[in-house]
Amino acid sequence: MRDRRALPLTKYFRSFLREFTKRKWTVNEQVKIVRDFLDFMGVQLSKNEMFAGASDDEMENAREGMEKLLMNKLHQYTFSPSTSDDGVKDEVLYKKISILQWIELKHLDIHIDPELAGPFLRVAQKELLKMNDYKAPRDKLICTLNACKLIFGLLKQSNAPETADTFLPLLIYTVLQANPPHLHSNMQYIQRFRNPAKLQSEAGYYLTNLMGAVSFIEGLDHTSLEIAKDEFDAKIEERMREI
């Protein structure tokens, strides 16, 4: 925001950052404060002379840019904040997935050739892992969107039904194989700080599915899989010795 016409916006932005970082806020306080400020800045953007005559798309891009700029600055305070239990839940989830990484497609009742599935799912795993490369909630959400689109691409390529019943097991398998660090924190961060209107979209639908996949994994036992209890227990014991 180097244009002189942006000076009022810059002043609002810098003042907000100073005040926000002066103290610790609860998670709910953070969410409300950030959302209220972004709503306020959305109004200020529309009033600013830089955007006189701007199209709806241009204004939307400006608001998206404001969210990204703000959350890049606030990431260290709002991602897995000390006032939450996000970090603890991250560690518990990461350890559980580590123990379950022996699970194969067949255990999730997925009947797709592993050789066909492999290239699609490996790239989908990389997309989930890339969430930690970004600070803005929109960018993290796009990683989820890309991973899910790859899974649907696999379903189409394999002539399998493109339904939730076929998609979700593949997403669960992808999460198990990727085991992204800070997965709980990433999901919470997106849900808390992404523009709520943008979560009523295809990307938001995929975030909901990712959260559903994680919920399934958190409660997973032998009854969740196509496997006998004694084999499940043996696999768990073997994996525990390895890690």
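How many residues apart in helix α2 are arginine 35 and aspartate 39? They are 4 residues apart, a separation of about one helical turn. The legends below refer to a predicted model.

**View 1. Overall architecture of the predicted model.** The secondary structure of the protein comprises 10 helices and 0 strands. The C-alpha trace extends over about 70 × 40 × 25 Å along its principal axes. Of the 243 residues, 44% count as buried. Among contacts in the protein with a separation of 6 or more, 76% involve residues 24 or more positions apart. The protein is divided into domain 1 (4-78) and domain 2 (85-242).

View 2. An unreviewed UniProt entry places the feature "domain: VPS9" at residues 87-226. Over residues 87-226 the chain is 66% helix and 0% strand. The end C-alpha atoms of this stretch are 32 Å apart.

**View 3. Contact between domain 1 and domain 2.** The C-alpha centres of the two domains are separated by 32 Å. Domain 1 contributes 13 residues to the contact, and domain 2 contributes 14 residues. About 1,200 Å² is buried between domain 1 and domain 2, with carbon and sulfur atoms giving 56% of this area. Between the domains there are 5 salt bridges, and 5 residue pairs are in polar contact. On the side of domain 1 that touches domain 2, α2 (27-47) and α3 (56-78) each supply at least two residues. Helix α3 gives the most to that side, with 8 residues.

**View 4. Salt bridge between glutamate 64 and arginine 138.** The side chains of arginine 138 and glutamate 64 meet in a salt bridge, with an N to O distance of 3.7 Å.

View 5. The closest N and O atoms of arginine 35 and aspartate 39 are 3.8 Å apart. Arginine 35 is buried, at a relative accessible area of 18%, whereas aspartate 39 is partly exposed, at 43%.

**View 6. Salt bridge between glutamate 60 and arginine 63 in helix α3.** The side chains of glutamate 60 and arginine 63 form a salt bridge of 3.2 Å, N to O. These residues lie 3 residues apart in helix α3, so about one helical turn separates them. Glutamate 60 is partly exposed, with a relative accessible area of 22%. Arginine 63 is also partly exposed, with a value of 35%.

View 7. Arginine 239 counts as buried at 18% relative accessibility, while glutamate 242 is exposed, with a relative accessible area of 52%. Elsewhere, salt bridges that share partners join Arg35, Asp39, Glu64, Glu67, Arg138 and Arg194 into one network.

**View 8. Surroundings of asparagine 179.** Asparagine 179 is found in the loop between α7 (164-178) and α8 (183-193). With a relative accessible area of 5%, asparagine 179 is buried. A polar atom of the asparagine 179 side chain lies 3.2 Å from the backbone oxygen of tyrosine 94. Leaving aside residues up to four places away in sequence, asparagine 179 touches Tyr94, Ile97, Ser98, Gln101 and Leu129.

Note on methods
Residues are numbered from 1 along each chain as its sequence is written. This is a predicted model: local features need pLDDT of at least 70, side-chain atom pairs count only at pLDDT 80 or more; totals for chains, interfaces and linings use all residues. Side-chain values use heavy atoms; hydrogens and water are left out. Buried means under 20% relative accessible area, exposed over 50%, partly exposed in between (1.4 Å probe, protein chains only). A polar contact is a pair of N or O atoms within 3.5 Å; within protein, one must be able to donate a hydrogen and the other to accept it, and residues adjacent in sequence count only if both atoms are side-chain atoms. Contact means heavy atoms within 4.5 Å. UniProt positions are given in the numbering used here, feature names are shortened, and annotations may be inferred rather than shown by experiment. Domain bounds come from an automatic or database domain assignment. Buried area is the accessible area (1.4 Å probe) that two parts lose on being put together, summed over both. A salt bridge is a side-chain nitrogen of Lys or Arg within 4 Å of a carboxyl oxygen of Asp or Glu.
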